[in-house]
Amino acid sequence: MDEDHSNSGFLETGKADRSVWLMKCPVVVAKSWKSQTASSSDSQPVAKVVLSLDPRKPDDPSSMQFTMAMAGSEIGNIPKSYALNMFKDFVPMSVFSETTQGRVAMEGKVEYKFDMKPNEQNLEEYGRLCRERTNKSMIKNRQIQVIDNDRGVHMRPMPGMVGLISSNTKEKKKTTPVKQPEMKRTRRDRGELEDIMFKLFERQPNWALKQLVQETDQPAQFLKEILNELCVYNKRGSNQGTYELKPEYKKSADDTAAE
């Protein structure tokens, strides 16, 4: 007990020099992995990474190609194979862990960073999955509540408010209208919002930020973060001041629209 208390304020650095990989994966993949680890007590692998290397250029990093295959047999209708785009030019980062007792440890430093994307042969399947998720997210479940007391009790003035309301309209003073504060927008799930954005760019290729805020009902700053990843901003030309999808995303969006 005393040992845990004495070590709670220290950072363990025994694994500080260990190399680790950082990967950004689609939401459906992350949920699939989480469900597999939660349902199984055994530490079974959730995916397999394959490295392809050109033997003629063994020292050339650009000749390395990474792919990932989902290992589980019951992973739903999500794509099974993915491509991993590797990056080495990024801000130095490290990985930390914290136990339930409050111990913090350094697990290693990030050597490679990957973006996980479906392979070209799986774009059609992934596009269908994104459309299904988008359609589900657009359905709003509205509820109707019936008031049992139909005698108008809820509409009567509360005690003490009768004398505050003047019935003589001549005594009313002109007041400056107060601008109502803008309703705070709630952020959607990032993967869900990306699906909605692809759906909007299927309708038209160019959008202004103000239009996207109205269509998605999302905070402008949150939208800008996603737009910077998915789109390019037109600073000149006929579409000045609008966003359009990057070429690599346009291809998948066009294939989806063709269906």
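Exposed means over 50% relative accessible area, buried under 20%, and partly exposed in between, with a 1.4 Å probe and protein chains only.

A word on the source. This is a predicted model, where local features need pLDDT of at least 70, side-chain atom pairs count only at pLDDT 80 or more, and totals for chains, interfaces and linings use all residues. Residues are numbered from 1 along each chain as its sequence is written, and side-chain values use heavy atoms, with hydrogens and water left out.

Back to helix 5, residues 209–216. Helices here are DSSP runs (H or I, at least four residues), strands likewise (E, at least two), numbered from the N terminus.

Which residues of helix 5 are buried? They are L212, V213 and T216. They sit on the same side of helix 5, because they cover an arc of only 105° around the axis. That arc is taken from the directions from the helix axis to the C-beta atoms. In general, an α-helix has 3.6 residues a turn, so residues three or four places apart point the same way.

What covers the buried residues? Helix 4 (190–203) and helix 6 (220–230) are among the cover. After helix 5 comes D217, with a positive phi, near 55°.

Now the strands. Strand 4 (residues 65–70) pairs with strand 5 (residues 81–87), antiparallel, over 4 bridges. To pair, two strands need at least two DSSP bridges between them. T67 stands opposite A83 in strand 5. Strand 5 also pairs with strand 7 (residues 104–118), antiparallel, over 6 bridges. There, M86 stands opposite F114 in strand 7.

Technical notes
Contact means heavy atoms within 4.5 Å.
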